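Visitor: I have a model open and would like to talk it through with you. Could you load the sequence and the structure for us?

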Amino acid sequence: REVGRTARSRGDLVVSGRAVPSGAGGPYRPLAEALAQASRAAGQPDSAQWHWSAAFAAHLRGPDGATSEGQGLTPVMRGEVVLRLLRTLAGTKAMVVGLEDLHWADADTLAIVEYLADNLPGERVLCIATARLDPRAAVVELLRALNTRRNAQLVHVTRLSDDDTGQMVRACRPGAGAAEVSAVVGAAEGVPFLVEEMLATPGLPS
C-alpha cells in the first residue's frame, strides 16, 4: 500500500490481486483481479464473457488476423500473454502490480509469476508479491529459484525490535504513557498487526 501511494502520487497506475485459500478463488485469481482493475482503469469495455481463453486468443492474434489455438497454451505462452496485457493496459504510464498472499496461489499462477520475474526487466511494470514462508507452500520453491537466478529482490520482513515497536506505539497513539508502551512491546512480540490490535482493544487481550 505504501508503494502504491507513492506511485499514484506520480501518476502511475496501481493494481493488485490477492490469492485466497485453496479452492476458494479459482485459477489465476490474483492475476485476473489485477488485470480486471487495470482494464477498468484503462477504460476497456466491460464484458460478461471476458475470460482467460478469450484474452489469450485476442493477444495471440497474428498480423494477418489469424488466432493461435487457445487450448493447451504452455506456461511460457500464458506468461507472455499476461506480460503483453500489462504492457497494453499500462499504455504510456508506469504500472505497479501487487500480488498478495501467494502462499495460497495455485501452480499455474506461480508459473506466470516466475515468467514475469524473468521477463519484466525493461518493461514499465513493477511487480511486488507477498507470501508467508510456509514450508508447505509451493511458493517457497519459486522464491528459492528466483533468488538463485537473481531475478527478483527478496525482502525478508522480520519482527520489529523492541525499540521499533515502541516507536510504532507512539506513532499510532501520540502521548501513550511509558506503562502502555511497555505493555504492548512485551505482548506484541514485534508483530505490527498485534500492535494495532492491542491499541484498538480496551485493555490488552490475553
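Visitor: Which backbone nitrogen lies 3.0 Å from a polar atom of the side chain of His 103?

Guide: That is the backbone nitrogen of Arg 132, a polar contact in the sense of two N or O atoms within 3.5 Å, where within protein one must be able to donate a hydrogen and the other to accept it, and residues adjacent in sequence count only if both atoms are side-chain atoms. Bear in mind that this is a predicted model, in which local features need pLDDT of at least 70 and side-chain atom pairs count only at pLDDT 80 or more, while totals for chains, interfaces and linings use all residues. Residues are numbered from 1 along each chain as its sequence is written, and side-chain values use heavy atoms, with hydrogens and water left out.

Visitor: And where is His 103, buried or exposed?

Guide: His 103 sits in the loop between E2 and H5, and it counts as buried because its relative accessibility is 12%; buried means under 20% relative accessible area, exposed over 50%, and partly exposed in between, with a 1.4 Å probe and protein chains only. Apart from neighbours within four places in sequence, His 103 is in contact (heavy atoms within 4.5 Å) with Ala 131, Arg 132, Ala 137 and Val 139.

Visitor: OK, on to H5. What does it pack against?

Guide: The buried residues of H5 pack against helix H2 (29–41), helix H4 (75–90), strand E2 (95–100) and helix H6 (139–149), and among those buried residues are Thr 109, Leu 110 and Ile 112. Helices here are DSSP runs of H or I with at least four residues, and strands are runs of E with at least two, numbered from the N terminus.

Visitor: How far does H5 reach, and what happens at its start?

Guide: H5 covers residues 107–119, 13 residues in all, and reaches 19 Å from its first C-alpha to its last, close to the 18 Å expected at 1.5 Å a residue, where the expected span is 1.5 Å times one less than the number of residues. At its start, a side-chain oxygen of Asp 106 comes to within 3.2 Å of the backbone nitrogen of Asp 108.

Visitor: What does Pro 30 touch?

Guide: Leaving aside neighbours within four places in sequence, Pro 30 is in contact with Gly 17, Arg 18, Ala 19, Leu 99, Leu 102 and Thr 109. Pro 30 belongs to helix H2 and is buried, with a relative accessible area of 1%. Pro 30 and Glu 100 are 70 residues apart in sequence, yet 7.3 Å apart in space, C-alpha to C-alpha.

Visitor: Zooming out, how many helices and strands are there?

Guide: The protein has 9 helices and 3 strands, running from the N terminus as α-β-α-α-α-β-α-β-α-α-α-α. Buried residues make up 31% of its 206 residues, and of the contacts with a separation of 6 or more, 66% join residues 24 or more positions apart.
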